[in-house]
Amino acid sequence: MSSESIPVNEYPDRIGFVPDNPYLKTFKPYIPAGVRLRELTPLPLIIGTLLGMVFWGLFSLPRSQSGLTVSASIPVAVISITLFRLFSKFGLRDATILKTTLSRLPAPRAESIAFGVGVTMPAIMILGWISSSRE
């Protein structure tokens with residue numbers, strides 16, 4: 001029996017899965033299981049890191065004044081999808097959903113680290129552990 005006659009399992013985590021929902025019987029995944037795409041490339045990581053740094057700096061003053069912050073996940077997702085679409089329109093890179101997902105992952109992590117620093121440092125200064133005056 002050749003490997004070409006064996007159908008690719010579209011649900012690789014569910015062996016022997018038979019859907020009872022009529023919509024799942026005709027479901028076609030956005031990226032089929034048999035397709036191999038390059039996902040982990042330097043460009044999504046660079047874009048995600050740069051957008052994380054932008055949002056880190058953008059919300060640092062409101063964060064330190066109010067102790068609240070805006071989540072960077074949704075704006076970075078929209079910006080990264082837009083950037084990858086523009087890249088694919090100009091023929092630089094192929095825009096896939098995997099690359100846009102990968103590019104939006106570093107930004108919220110940077111934002112959460114920035115939030116921790118932004119609310120911890122004023123508290124440390126209020127407690128007097130660090131002097132806020134320049135000597």
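Q: Under what relative accessible area is a residue buried, and which residues of H2 are buried?
A: Buried means under 20% relative accessible area. In this predicted model, the residues of H2 that fall in that class are Pro44, Ile47, Gly48, Leu51, Gly52 and Phe55.

Q: On which side of H2 are these residues, and what arc do they cover?
A: An α-helix has 3.6 residues a turn, so residues three or four places apart point the same way. The buried residues of H2 are Pro44, Ile47, Gly48, Leu51, Gly52 and Phe55. They lie on the same side of H2, because around the axis they cover an arc of only 135°.

Q: How many Å apart are the end C-alpha atoms of helix H2?
A: Helix H2 runs over residues 42-58, which is 17 residues. At 1.5 Å a residue it should span 24 Å. The distance between its end C-alpha atoms agrees with this, at 24 Å.

Q: Are H2 and H4 oblique or parallel to each other?
A: Two packed helices are described by the angle between their axes and the distance between the axes. For H2 and H4 the axes are 11 Å apart and the angle is about 135°. Their crossing is right-handed. Angles over 145 degrees count as roughly antiparallel and 65 to 115 as roughly perpendicular, and the orientation of H2 and H4 is therefore oblique.

Q: Which element has the highest mean pLDDT?
A: The protein chain as a whole has a mean pLDDT of 75. Among its elements, helix H3 (residues 60-66) is the lowest, at 70. The highest, at 86, is helix H4 (residues 73-89).

Q: Which residue takes a positive phi just after H6?
A: Helix H6 covers residues 106-127. Just after H6, a positive phi of about 90° is taken by Gly128.

Definitions and conventions
Residues numbered from 1 in each chain as written. Predicted model: local features only at pLDDT ≥ 70, side-chain atom pairs only at ≥ 80, totals over all residues. Heavy atoms only, no water. pLDDT = per-residue confidence, 0-100. Helix = DSSP H or I, 4+ residues; strand = E, 2+ residues; numbered from the N terminus. Expected span 1.5 Å × (residues − 1). Buried < 20%, exposed > 50% of the residue type's maximum accessible area, 1.4 Å probe, protein only. Arc of directions from axis to C-beta. Axes fitted to C-alpha atoms, helices over the stretch in contact; angles between N-to-C directions. Parallel < 35°, antiparallel > 145°, perpendicular 65-115°, else oblique. Left-handed = near helix turned anticlockwise from the far one by under 90°.
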